Number of protein chains: 2
Amino acid sequence: MTRIAFLPFALLAGASIAQTPAATDPVEADWHAIPDDQLLVIALGTGKRVVIRLAPAFAPAHVTNIRALARARWWDGTSVYRVQENWVAQWGDATEKKPLPAGITDQPAAEFEIAAFSPAVRMAKTDSYSTASGITADGWPVASNGTQAWLTHCYGMVGVARDASPSTGSGAELFTPIGQSARRLDRNYTVVGRIVEGIQYFAALPRSDAAMGVYASRAEDLPIVSVRLAGDLPAAERPRFQYRAADNPRFEGAVRARENPKAPTVALGGAAVCDVLPAVRRAP
Amino acid sequence: MTRIAFLPFALLAGASIAQTPAATDPVEADWHAIPDDQLLVIALGTGKRVVIRLAPAFAPAHVTNIRALARARWWDGTSVYRVQENWVAQWGDATEKKPLPAGITDQPAAEFEIAAFSPAVRMAKTDSYSTASGITADGWPVASNGTQAWLTHCYGMVGVARDASPSTGSGAELFTPIGQSARRLDRNYTVVGRIVEGIQYFAALPRSDAAMGVYASRAEDLPIVSVRLAGDLPAAERPRFQYRAADNPRFEGAVRARENPKAPTVALGGAAVCDVLPAVRRAP
């Protein structure tokens, strides 16, 4: 009798536990470099780093702002100031007094929708928040209602915080879901990227009991030392990442296996798009 | 310009921010006591407590085991030994050597399905893992494929860990999803309850990089001091909780408002069952 029972956790990742590659494992050609100006590196006061893959094709105005904020070193000395249980972690300027640098478009129009719904792999079943969803060739989770499409607020995706009205964010204040996927924010908040390394350093932060999960005092904040685009870091510190492409039978096979796993697992015939995010890895 | 932008977080909870009760707020009659033998209180080495509402109507054999384990004080001195990023926290006997007490049915038949799908409030849209879902009158999230029904693995629900084959768990090793909802475990793992207080003390634990998220050494474990049914605690320490009933127009209204919020929020026409779990509160 073994009582330490372990849940199945078949990552859609590069490394397979099996010695022999499975048909759903990526081959080397499935990995593609993420450009240096699409990687945002957050250095935390704890010495840990969080790395975000930016999505300029989906939110160009906000990503332009984010790049300018990083190059102006605007986030240096800011903090993670909000950690709300089963909801989000949020970071930026908790004082609300730091002026935005020159060249920032304050409150650009919201970028909720993308031009076309064209996933490389489409999920078998509809979900509670859309009529279709899937993963784009370059690895982004998208959903659609038949006429419009949008990036989905999965765990670890990065959104632009704002006031009650749309088009009131700049990209200076960002958040990420740290509990169940925050899909009800879809089409309501601009999504600018995905945390591809270090999400645990946000997700394991102490929760705040104060209103909206904002830490009651700045002493509770997690300091942000610096935020840089990877290309602006010294070569020795520059991380290099690759995404797993979705437009190949290996990834599609992995999604179908997640939707209909082999016995003795009972197949439910579907899986949520947030449950099949493609792996991102450090370049070997 | 306010740059500290806050996400909407309309809890389906008792306390409303508004001074005037909304039509979707519960009235006193909506709150019902949770019996003492359906509350499992975990005292952690940190001095914090985690409280689980048990679901004997859904998993009677496993809940019988859990009650016997608590009464035998079997969990005292065990630990939370597995914390896997965006997946689960798991607790019990990390040594795999502690004998089960007398009276435990080792490896009872899995209790995946329940007799009937009869939610008090049914979600407007189907989801990726079922053809229908909703909340029962007494507040449990359920889903169905048309012929069978089951409790859903939302964030904070409690499941029975097991080996690769079904019907290999006893209830001694338990887990809870701490990231996005683990719905792909539905119908594959026996669900025995829901954490109703203190989930943050599991969700904010350091993640393990070791295989399956099991802490590499027992020194990393979070000690469990004791686990007791509320009714077995001294009266002064006994917590009293109430669940919000779902079989009333107020709760239904709250679900419909979540599915179709007012402008300027863009209504998606649906929400996931894990996104509308009814509040549980300490008895006033």
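Colleague: How many residues of chain B and of chain A does the contact take?

Modeller: A general idea to begin with: the size of an interface is often given as the accessible area lost when the parts come together. Here we can count residues instead. In this predicted model, the contact takes 62 residues from chain B and 60 residues from chain A. On the side of chain B that touches chain A, there are 29 nonpolar, 16 polar and 17 charged residues.

Colleague: What mean pLDDT does chain A have?

Modeller: The mean for chain A is 93, and 93% of its residues reach 70 or more. Residues 8–17 of chain A are a stretch to handle with care: the pLDDT there is below 50, although the stretch has 17 contacts in the model beyond near neighbours in sequence. Where pLDDT is low, the predicted coordinates should not be read in detail. For the complex, the predictor gives an ipTM of 0.93 and a pTM of 0.94.

Colleague: Let's look at one chain. How many helices and strands does chain A have?

Modeller: Chain A has three helices and 15 strands. Its radius of gyration is 19 Å, which agrees with the value near 19 Å for a compact globule of 284 residues. Of these residues, 50% count as buried. Among contacts between residues at least 6 apart in the sequence of chain A, 73% join residues at least 24 apart.

Colleague: How do I read strand pairing, and which strands of chain B form the open sheet of four?

Modeller: Strands of a sheet pair through backbone hydrogen bonds, either parallel or antiparallel. The open sheet in chain B has the order S6-S7-S8-S9, with antiparallel pairing. S6 (121–122) and S9 (149–151) of chain B are its edge strands, each pairing on one side only. Two bridges join S6(B) to S7(B), and Val121(B) stands opposite Ile135(B).

Colleague: And is strand S12 of chain B mostly covered or mostly open?

Modeller: Mostly covered: six of the seven residues in S12(B), 191–197, are buried. S3(B) runs antiparallel to S12(B), joined by four bridges, with Val51(B) opposite Glu197(B). S10(B) also pairs with S12(B) in the antiparallel sense, over three bridges; there Met157(B) stands opposite Arg194(B).

Colleague: Which peptide bond in chain A is cis?

Modeller: Most residues other than glycine have a negative phi, and most peptide bonds are trans. The bond from Ala263(A) to Pro264(A) is cis, with omega near 10 degrees. Pro264(A) lies in the loop between helix H3 and strand S15 of chain A. In chain B, the bond from Ala263(B) to Pro264(B) is cis too, with omega near 10 degrees.

Colleague: Where is Met212(A), and what is its phi?

Modeller: Met212(A) has a positive phi, near 60 degrees, and sits in the loop between helix H2 and strand S13 of chain A. Met212(A) is partly exposed, with 15 other C-beta atoms within 10 Å. In chain B, Glu96(B) has a positive phi of about 60 degrees and is exposed, with 12 other C-beta atoms within 10 Å.

Key
Residues numbered from 1 in each chain as written. Chains lettered and ligands numbered in written order. Predicted model: local features only at pLDDT ≥ 70, side-chain atom pairs only at ≥ 80, totals over all residues. Rg over C-alpha atoms; globule rule 2.2 N^0.38 Å. Buried ≥ 20, exposed ≤ 12 C-beta atoms within 10 Å, placed from the backbone. Contact = placed C-beta atoms within 7 Å. pLDDT = per-residue confidence, 0-100. Nonpolar A, V, L, I, M, F, W, Y, C, P; charged D, E, K, R; others polar. Pairing = 2+ DSSP bridges.
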